[in-house]
Amino acid sequence: MKHYGATMKTTTASTYRGYPINTGSKNEFPCNELTLDQIIDRQEYMTRKHSKVLFTRLDIRSPGDSATSLREKMPRIMETFGRRLKAGHNGKNRLELHHVWAAEQTEAGGKEHVHLALWANGNAIQNGYSLKSALESALERHLGAGNKGGSKGLVEFCGSNGRAGIMLDRNAP
């Protein structure tokens, strides 16, 4: 995996800050501790603040014919995503949204992809389809020009996600 900036501190332990993590059956998948800290902090914050939290994991692929780095475009994509999602929200519950993303390039010369974790007030958003749609719209804006096929098929729900996210309900048994 290609990493930019300071040296990345990783762990292959089966737990981190008291939470189980997946580092593979033979510890072949080290996890970035900074990313783990961001994920845990957001998870704890959102479940403390809201009685229901929608957690959604999405994977974003780079367009096949694009030389554009997703890593470079993600901050602007996420700004546009948040604006579009909030503009389309008119419910009585306040939309609060947090995210953590990590870019990955699994082979030299290969296209990078992004793993995106989203937390939303589950009283305001009930499933991840509106999140996916707003993200596709933001990708279209930032990657669509000159990209054959636009952003179609670049965003997918993660398989461990359920069909469209996982609703965390602190009042559930």
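Trainee: How is Tyr129 classed at a relative accessibility of 43%?

Mentor: The model is predicted, and Tyr129 has a relative accessibility of 43% in it. Buried means under 20% and exposed means over 50%, with a further class in between. Tyr129 therefore counts as partly exposed.

Trainee: How many aromatic pairs does the structure hold, and what is the geometry class of Phe55 and Trp119?

Mentor: The structure holds two aromatic pairs. In the pair of Phe55 and Trp119, the centres are 5.3 Å apart and the planes make an angle of 55 degrees. Planes under 30 degrees apart count as stacked and those over 60 as edge-to-face, with the rest forming a third class. The pair of Phe55 and Trp119 is tilted.

Trainee: Are Phe55 and Trp119 buried or exposed?

Mentor: The class of buried residues requires a relative accessible area under 20%. Phe55 falls in that class and so does Trp119; both are buried.

Trainee: Which class of geometry applies to the rings of Tyr129 and Phe157?

Mentor: The ring centres of Tyr129 and Phe157 are 5.4 Å apart, and their planes stand at 85 degrees. An angle over 60 degrees defines the class, so the pair of Tyr129 and Phe157 is edge-to-face.

Trainee: Which elements does the pair of Tyr129 and Phe157 link?

Mentor: Tyr129 and Phe157 are 28 residues apart, and their pair links distant parts of the chain. Tyr129 lies in helix H3 (residues 129-143), while Phe157 lies in strand S8 (residues 155-157). The elements are therefore H3 and S8.

Trainee: Is Phe157 buried or exposed?

Mentor: The relative accessible area of Phe157 is 19%. Since the limit is under 20%, Phe157 is buried.

Trainee: Which residue caps the N-terminal end of H1?

Mentor: Helix H1 covers residues 33-49, and its 17 residues reach 24 Å from first to last C-alpha, close to the expected 24 Å. Its buried residues are Glu33, Thr35, Leu36, Ile40 and Met46. At the N-terminal end, a side-chain oxygen lies 2.8 Å from the backbone nitrogen of Leu34, and that oxygen belongs to the capping residue, Asn32.

Trainee: What pattern does the protein chain follow along the sequence?

Mentor: The protein chain has three helices and nine strands. Of its 173 residues, 41% count as buried. Read along the sequence, the elements give the pattern β-β-β-β-α-β-α-β-β-α-β-β.

How values were computed:
Residues numbered from 1 in each chain as written. Predicted model: local features only at pLDDT ≥ 70, side-chain atom pairs only at ≥ 80, totals over all residues. Heavy atoms only, no water. Helix = DSSP H or I, 4+ residues; strand = E, 2+ residues; numbered from the N terminus. Expected span 1.5 Å × (residues − 1). Buried < 20%, exposed > 50% of the residue type's maximum accessible area, 1.4 Å probe, protein only. Polar contact = N/O pair within 3.5 Å; in protein donor to acceptor, adjacent residues only side chain to side chain. Phe/Tyr/Trp six-rings, centres within 6.5 Å; stacked < 30°, edge-to-face > 60°.
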